[in-house]
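Please open the model in your viewer and keep the selection panel at hand. The stops below move from one selection to the next.

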Amino acid sequence: MTSIPHVLEGKLNANGLKIGIVCARFNSIFVEQLLSGAEDALIRHGAAPEDITVAWVPGSFETPLVIQKMALSGKYDALIGLGVVIQGATQHASMINAEVSKAYSQISLATGIPVVYGVVTTENIEQAIERSGSKAGNRGASAAVTAIEMANLLKCLPDGKEKRQR
């Protein structure tokens, strides 16, 4: 335990938090499992089902636009992007993953709303199965826990408008 008097941490309590989840329909057999894990984690940590909004888009590449619209609405404490991108014979999957990751970061920094990357990126179907709820856990659930922690941490931080006391 630290002796530093001012340590800020986000609590894992989703009570009262408004969470938006944007899901890619491509590879939906896996994404549905990620969504189930995210919803379960949110509710287990106190979120009310009516405080969770889910939007479906065609693929992972389309998630940032909807996440941005949701972030700009001011209605959400945190946003989660869920998708599964499986590497094929070309570099297409790597390009999608890089652009989506970059977009989430940019949206989060521009809006001040946590945007959590819950996109599973794998080399094959077996890895997708593992990361969507079997032996490697459920990336949707871990993304939801991250969203809760970040939303609560940001509520503890000053908004930058206060003057520092000397």
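Begin by selecting Asp77 and Lys155, whose side chains meet in a salt bridge with an N to O distance of 3.8 Å; a salt bridge here is a side-chain nitrogen of Lys or Arg within 4 Å of a carboxyl oxygen of Asp or Glu. Asp77 lies in the loop between α2 (63-73) and β3, whereas Lys155 lies in helix α5, so the pair ties together parts that are 78 residues apart in sequence. Helices (H or I, at least four residues) and strands (E, at least two) are DSSP runs, numbered from the N terminus. With a relative accessible area of 53%, Lys155 is exposed, while Asp77 counts as partly exposed at 22% relative accessibility; buried means under 20% relative accessible area, exposed over 50%, and partly exposed in between, with a 1.4 Å probe and protein chains only.

Before going further, note that this is a predicted model, in which local features need pLDDT of at least 70 and side-chain atom pairs count only at pLDDT 80 or more, while totals for chains, interfaces and linings use all residues. Residues are numbered from 1 along each chain as its sequence is written, and side-chain values use heavy atoms, with hydrogens and water left out.

Stay with the charged pairs, of which the structure holds four that qualify as salt bridges. Select Asp51 and Lys18, where the closest N and O atoms are 2.7 Å apart. This pair links distant parts of the chain, with Asp51 in the loop between α1 and β2 and Lys18 in the segment before β1, 33 residues apart. Asp51 counts as buried at 12% relative accessibility, whereas Lys18, at 35%, counts as partly exposed.

Next, select Glu99 and Lys102, which form a salt bridge with their closest N and O atoms 3.5 Å apart. Because they are three residues apart in helix α3, Glu99 and Lys102 are separated by about one helical turn. Glu99 counts as partly exposed at 40% relative accessibility, and Lys102 is likewise partly exposed, with a relative accessible area of 43%.

Now show the strands: in what order do the four strands of the open sheet lie? The order is β2-β1-β3-β4, with parallel pairing, where two strands pair if DSSP finds at least two bridges between them. The edge strands, each pairing on one side only, are β2 (52-57) and β4 (115-122). Neighbouring strands of this sheet are turned by 15° against each other on average, direction ignored; axes are lines fitted to C-alpha atoms, for helices over the stretch in contact, and angles run from 0 to 180 degrees between N-to-C directions.

Colour strand β1 (residues 19-24), which five bridges join to the parallel strand β3 (residues 78-86), and find Gly20 opposite Leu79 in β3. β1 also pairs with β2 in the parallel sense, over six bridges, and there Ile21 stands opposite Val54 in β2. Ile19, Ile21 and Cys23 point one way from β1 and Gly20, Val22 and Ala24 the other way, and all are buried. In a regular strand the side chains alternate between the two faces of the sheet.

Move on to β3, where eight of the nine residues are buried, so that this strand is largely enclosed by the rest of the structure. Eight bridges join β3 to β4, which run parallel, and Val84 stands opposite Val120 in β4.

Helix α1 (residues 28-44) lies across β1, β2, β3 and β4, running at about 155° to β3, with contact meaning heavy atoms within 4.5 Å. Helix α3 (residues 92-111) packs on the sheet as well, touching β3 and β4, and its direction makes about 170° with that of β4.

Finally, select Leu154, which is found in helix α5 (residues 139-156) and counts as partly exposed at 33% relative accessibility. Together with Leu8, Met150 and Leu157, Leu154 makes a nonpolar surface patch of about 310 Å². Patches are made of residues with over 30% relative accessible area and no salt bridge, with like charges joined within 9 Å and nonpolar side chains (Val, Leu, Ile, Met, Phe, Trp, Tyr) within 5 Å; accessible areas come from the Shrake-Rupley method with a 1.4 Å probe, and for residues, only the protein chains shown count as cover.
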